[in-house]
Structure formats: C-alpha cells, structure tokens
Amino acid sequence: MASEGGERQAQQEKGRRIVFFPCPLQGHINPMLQLATLLHSKGFSITVIHTQFNSPNPSNYPNFSFEPISDGLQEASAKDFMALFVALNIRCEAPFRDCLVRILSENKRDSIVCIISDASFHFTQSVANHLKLPRIVLRTSPASCFVAFAKFPLLQQKGYLPIKDPQSKVPVSELPPLRVKDLPTIETKNSDDFDQLIRLVISQTLASSGLIFNSLDCLEQTILTKIQQEFSIPTFTVAPLHKYSPGSSNSLLTQDSTCIAWLDNQVPGSVIYVSFGSIADMEKQELVETAWGLANSDQPFLWVIRPDSVRGLDWAELPEGFEEKTRGRGCVVKWAPHQEVLAHPSVGGFWTHCGWNSTLESICEGVPMLCWPSFGDQRVNARYVSHVWRVGLELENGLERGEIERAIRRLMVEKEGEEMRERVKVLKENAESSLRKGGSSQESLERLVDYILSF
Ligand code: UDX
C-alpha cells in the first residue's frame, strides 16, 4: 500500500494549479503572494490574476504565471478604498471570469484545483460556483475582526452601529474586549455601500470552501474555537506568512535602505520606529504634533513619512526648528524595508497604526508597540495589543505632543515598557514554535495542502 506521503506526491505530479486573486493594496498583496510562494514550495503551480491598478512585479516571481485583467478604472486611488473595493467588485467580475475560462481551456494537464481569493473580492464566489471550482478565502486581518464584521447586523440592531460617538469607551458586551471606539468601521462617503460590502464579504466567505487566516492559534485561540463552533467552514491559521518570504518582493514603493546604515550606528534597543502603513493618513496639525512629540521625547527615532500621508498635501514640510532639535538622533524616510527595520537590534519600540501585517511583523521580532489605529481592523488590533496580549499601549486621545512624548518614554525607557518587551518576546517565541514541525501553523498548513489535494 502506498504511504500517505507517496500518495500526496503522486497526486501533485498530476499537475495542480492554484489561481490567486489578491486585492490590490499593499497590506493585502503581501500576505497573498507570501501564501502563493509557500504553496508553490509544496508543489503547486501558481497563477496570479491581478488588476492593472497596483499590479505586482512578475519579475520577482519567475516561477508564477501572471494574468492582468482590465479593472476598468481610469484613475484609481487607495485614498477612498471603500469606493475602490465597491468599484472593483463590479468591474472585475466579467474579466476575472473570462480569464479563468481561458486558463481552463489552455491548461488541460495542469488543471485548476481551486481559487484562493482575497476576502474583499466577494464576487469571486459566484464566478467559482459558475465554473464549478472550489474557492478558498484568505483574510489578511485577524479572526477577531472577522467575528466583529459578522456581528455587524446584531450590533446595528442593538444600537452600537452606526457609531454616534467615535471616542465612546462603552464596552460592547457581545464582543469583549472591544469598546464602541474599537469597532472596525471605516469612514466613507457612502455608508450604505460599506454596510452592503461587509454583508457580502461575510456571506460569500461563509459560502466558500475554506477560510485561511494569516493569524496564529496562540494569539486568537478563543476566537478561533468560536468560529469553528459557530460557522461550519474549514479554517486554517498559517501565520506568520511573512516568515516564509520577505515583503520587499511585493513592495509597491521603493524601500529606502539607507536607514539600515543609520540604525547600525544607534544604541541597541534605543530607537522608536514610526510607520503608519500604506493607506492611513493624518491632518497637517497631527504631523506637527507627531514631530514635536518625537523631538521632545529625546529618544532616537526612524520615521516613515509616505509622500501622500498628510491630507491635502503631496509632501508635508516638517515644522521649523524640528531638524535642529533632533539632529543626529532622527532619520526620516519615505518608505522603509519594514521587516529588516523591525528585526534590527537598535529598534526598541514601534509606533504603528496597527495594520495587521505591521502588528504581526512587530510581534515576530519581539518589538513592543505604541498604537495609533486609524480605521477598520486596526482598531480591533490596537485593543488586542494593549489589553489582551499587553504588548503595547494605545494613544487614546488623538495626537497631542505632550501625550506622545509621555507615551514614548513609557514604552522605551520605563518599567511598564520593559514588561511589555518581556511579554512580546514570549509571543515571538510562540510564533517561532508554531512554524516548527508539529507547531500549530505548520500543522494547519499541512492540513490545508491535504484539503486542496482532496478537491
Ligand atoms: C491594510 C490595512 O490598513 C490593514 O489594517 C489590514 O490589516 C491590511 O491592509 P496597511 O495599512 O498598509 O494595510 O498596513 P499593514 O497591514 O501593516 O501592511 C503594510 C505592509 O507594508 C507591511 O507588510 C509592511 O511590511 C509594508 N511596509 C510598511 C513597508 O514595506 N515599508 C514601510 O515603510 C511600511
């Protein structure tokens, strides 16, 4: 009788192609292509169907096939990304289906075994049904955020939503430990579009053949168990995906590596790294408060200021006197080699918007966080960082220089920060063990491979 491993190999040799469809935003492209790289290493052929907007660079993936489809967007921007999601779900449906039909007719030997789609592309479920292909969903945010979105209709019924006071600290008893201000809402011109998008994303995820979270059992055990009890959908937790292949291969902006040489000259554990991801933005006055908070904290800092990150400006000038006050202990870049920075021994803290990739990347390098969430899952993540895992503290009252200065000191030099550093090191070790043989993410990945081969 053939061994289990032998059977799997025999099945793989038949030729199995997985079609990936990433959502064209940095925080979504990274985990999707990391998952594709991982499954390629398990013997699958990979096709990436992608929009023209923010298209990945095929030359970084010589072993994958890339299929651009028309997204019909004359001018697209990630600024109002809810509007972008709505438009993409309408405009990509026909080109996506046509592209799949063509691939199916061309690749008789190497047939498509399943589609792995970003959760936000809900229309891919009806396309998959139509073509009788299994669809698996990748969620690039944590399980806690999925559960919060799934409860939106109930939260609306109970009057929590729409949020009347964005600063409300009233606990949401249906979703502990979240408070009203931690609910993953997103400001958009058309709130009905947002509600409908969330409803469709959740229903079409639950209609899919499987759900992959870039998350870890050790971070979200309770909530993952609830998902398994409440929804009858096979679930896989395979984080941290960035440990399988670096995010630098997918970077939409050029990473400025000069900051690494600057970090080399700093005292170990002394630098606070400041970066608010690829979409979050701020008012000009908030930039000024951030600058003076950093300057007055007396800590060395590495600050990423994305060119479009201050509302209404292409590039924001830093306040007069800032450079003089921080000379020799500050480095400002437009985009950084994020993972390399977080892994650098000089970095002792990370002031983040709590995008899920940034949060995971920080945990995996054992770096405690100062949280300033902007929208969506970032609010949920910040609450978990500060109150569940207790590896960071949240700036609760907006950006004000005195509060920033105080928070940086608490994180970087006080006992409270030291305790967070100890706790995040334990999480880092747990994340590392989850990837080893017998670890939870490793086992989940094996289950995922077997599941895909069973289609
Ligand atoms: C978005 C959402 O905002 C986030 O909440 C969601 O979980 C994923 O999609 P984004 O805001 O860009 O993502 O944040 P994040 O999830 O942290 O992803 C940013 C990615 O860009 C990270 O993988 C990070 O490594 C990379 N990055 C960031 C850089 O390469 N250089 C930088 O200077 C900053």
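Why is helix α6 largely enclosed by the rest of the structure? Hello everyone, let's keep that question in mind while we look around. One thing to say at the start is that this is a predicted model.

Let's begin with the whole chain. It contains 18 helices and 13 strands. Along the principal axes, its C-alpha atoms fill a box of roughly 70 × 45 × 45 Å. How does that fit with a compact globule? For 455 residues, such a globule would have a radius of gyration near 23 Å, and the chain has 22 Å, so the two agree.

Of the 455 residues, 57% count as buried. The accessible surface comes to about 19,100 Å², and carbon and sulfur atoms make up 49% of that. If we take contacts in the chain with a separation of 6 or more, 71% of them are between residues 24 or more positions apart. As for charges, there are 46 positive and 54 negative ones, and their mean positions lie 4 Å apart.

Now for the domains. Domain 1 is made of residues 11-248 + 436-453, while domain 2 covers 258-413. Taken over C-alpha atoms, the centres of the two domains are separated by 28 Å. How many residues of each domain are in contact with the other? On the domain 1 side there are 36, and on the domain 2 side there are 26.

Back to our opening question. Helix α6 runs over residues 143-150, and seven of its eight residues are buried, so the rest of the structure largely encloses it. If you want to find them on the screen, the buried ones are Ala143, Ser144, Cys145, Phe146, Val147, Ala148 and Phe149. And what covers them? Among the elements doing so are strands β5 (135-139) and β6 (210-213). Helices take part too, including α7 (152-157), α8 (191-206), α9 (217-230) and α15 (377-388).

Let's finish by zooming in on one residue, Thr205, which sits in helix α8. Is Thr205 buried or exposed? Thr205 is buried, with a relative accessible area of 0%. Setting aside neighbours within four places in sequence, Thr205 is in contact with Ala119, Arg135, Val137, Phe146, Leu211 and Ile233.

Key. Residues are numbered from 1 along each chain as its sequence is written. This is a predicted model: local features need pLDDT of at least 70, side-chain atom pairs count only at pLDDT 80 or more; totals for chains, interfaces and linings use all residues. Side-chain values use heavy atoms; hydrogens and water are left out. Helices (H or I, at least four residues) and strands (E, at least two) are DSSP runs, numbered from the N terminus. The radius of gyration is taken over C-alpha atoms; the globule rule is 2.2 Å times the number of residues to the power 0.38. Buried means under 20% relative accessible area, exposed over 50%, partly exposed in between (1.4 Å probe, protein chains only). Contact means heavy atoms within 4.5 Å. Accessible areas come from the Shrake-Rupley method with a 1.4 Å probe; for residues, only the protein chains shown count as cover. Lys and Arg count as positive and Asp and Glu as negative; His and the chain ends are not counted. The place of a charge is taken as NZ of Lys, CZ of Arg, CG of Asp or CD of Glu. Domain bounds come from an automatic or database domain assignment.
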